[in-house]
Amino acid sequence: MSSNDDIRYCHRCSYILLKFTLFAYAIVWWLIGGFILSIGIYAEVERQRYKTLEGVFLAPAIILILLGIIMFIVSLIGVLGSLRDNITLLKVFMYTLTVCLILELLGGILALVFHNQTVDLLNKNIRRGIVNYYDDLDFKNLMDFVQEKFKCCGGQEYTDWSVNMYHNCSAPGPLSCGVPYTCCITTKPNEVANTMCGYKVLQKERLDLISTIHIRGCTDAFFIWLMDNYKIMAGLLLGILLPQFFGVIVSWLYITRVEDSINEYGHYMDLLDSSPHQRATKSHGHMAKWFMCMPEID
């Protein structure tokens, strides 16, 4: 056993407090992960029912399923690790959270540094979605929402709609050389747009369409919205990153506490417990029944 000088962590921090904090943290994210997974599965079932296309970008349900699975598994590891005082599981949980946090920060930094490449990639994916606009209900609903919300049309610009087989100028039918009505300009709140307002707009000059449709592309409109609402985005970013950072810190503190308990006493127990051996044994027995994680005290 080590002397008190070898203990790495403050004796005043309760082992029980850290245990319940980490357990509560992991169980909350475990439930959230299960909820997201359920929504993703339901959305995917509906998507398959309508025979929409496959693809990660074209199917937000797949993104929800992957996110839900990752959150569910990682959080479950944290739950089991905190209950069983399993150092291996606890370290897997902590390192996974750390890696996810680093990847998110790195992804954000790279997206800012390579802004032009990020925009080009986004526009490319939007054009891929526009090709199958009427065949993929997920993408259609998403694109319609974005165009109405950000008052924009297409990805890079409104002419992106020419890649759609129904809106291409060589196509037959009333949609030829047009754009969806969600691109149209409305002058009143909650006004229902004329579904044919985008008729033949791809044949007209850009300046002639200023009062008819939104000629700005949705990529530029989205980034302009981000700049105008930087406080909201900063709050959202902190809301995503801080809980993960909190999980990493609590996991590290708890791992350190458990290791210090083993080094000092040879078993798991609250280091603040200065009661006689009989009380420690009784308390340990109750905790062992709850968590089945503590070894017997001789």
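Me: In which hand does helix 1 pass helix 3, and which residues of helix 3 make the contact?
Reply: In this predicted model, helix 1 passes helix 3 in a left-handed crossing. On the side of helix 1 the contact is made by Leu 22, Tyr 25 and Ala 26, and on the side of helix 3 by Leu 90, Phe 93 and Leu 97.

Me: Is helix 1 parallel, perpendicular or oblique to helix 3?
Reply: Helix 1, which covers residues 15-49, packs against helix 3 with the axes 13 Å apart and at an angle of about 60°. That angle makes the arrangement of helix 1 to helix 3 oblique.

Me: How far apart are the end C-alpha atoms of helix 3?
Reply: Helix 3 runs over residues 87-113, and its 27 residues, at 1.5 Å a residue, should span 39 Å.

Me: Which residue caps the N-terminal end of helix 3?
Reply: The backbone nitrogen of Thr 88 has a side-chain oxygen 3.0 Å away.

Me: Is Asn 164 buried or exposed?
Reply: Asn 164 lies in the loop between helix 5 (137-149) and helix 6 (218-228), and its side chain reaches the backbone nitrogen of Tyr 166 at 2.8 Å. Leaving aside neighbours within four places in sequence, Asn 164 is in contact with Ile 130, Val 131, Tyr 133 and Tyr 134. Because its relative accessible area is 1%, and the cut-off is under 20%, Asn 164 is buried.

Conventions
Residues numbered from 1 in each chain as written. Predicted model: local features only at pLDDT ≥ 70, side-chain atom pairs only at ≥ 80, totals over all residues. Heavy atoms only, no water. Helix = DSSP H or I, 4+ residues; strand = E, 2+ residues; numbered from the N terminus. Expected span 1.5 Å × (residues − 1). Polar contact = N/O pair within 3.5 Å; in protein donor to acceptor, adjacent residues only side chain to side chain. Buried < 20%, exposed > 50% of the residue type's maximum accessible area, 1.4 Å probe, protein only. Contact = heavy atoms within 4.5 Å. Axes fitted to C-alpha atoms, helices over the stretch in contact; angles between N-to-C directions. Parallel < 35°, antiparallel > 145°, perpendicular 65-115°, else oblique. Left-handed = near helix turned anticlockwise from the far one by under 90°.
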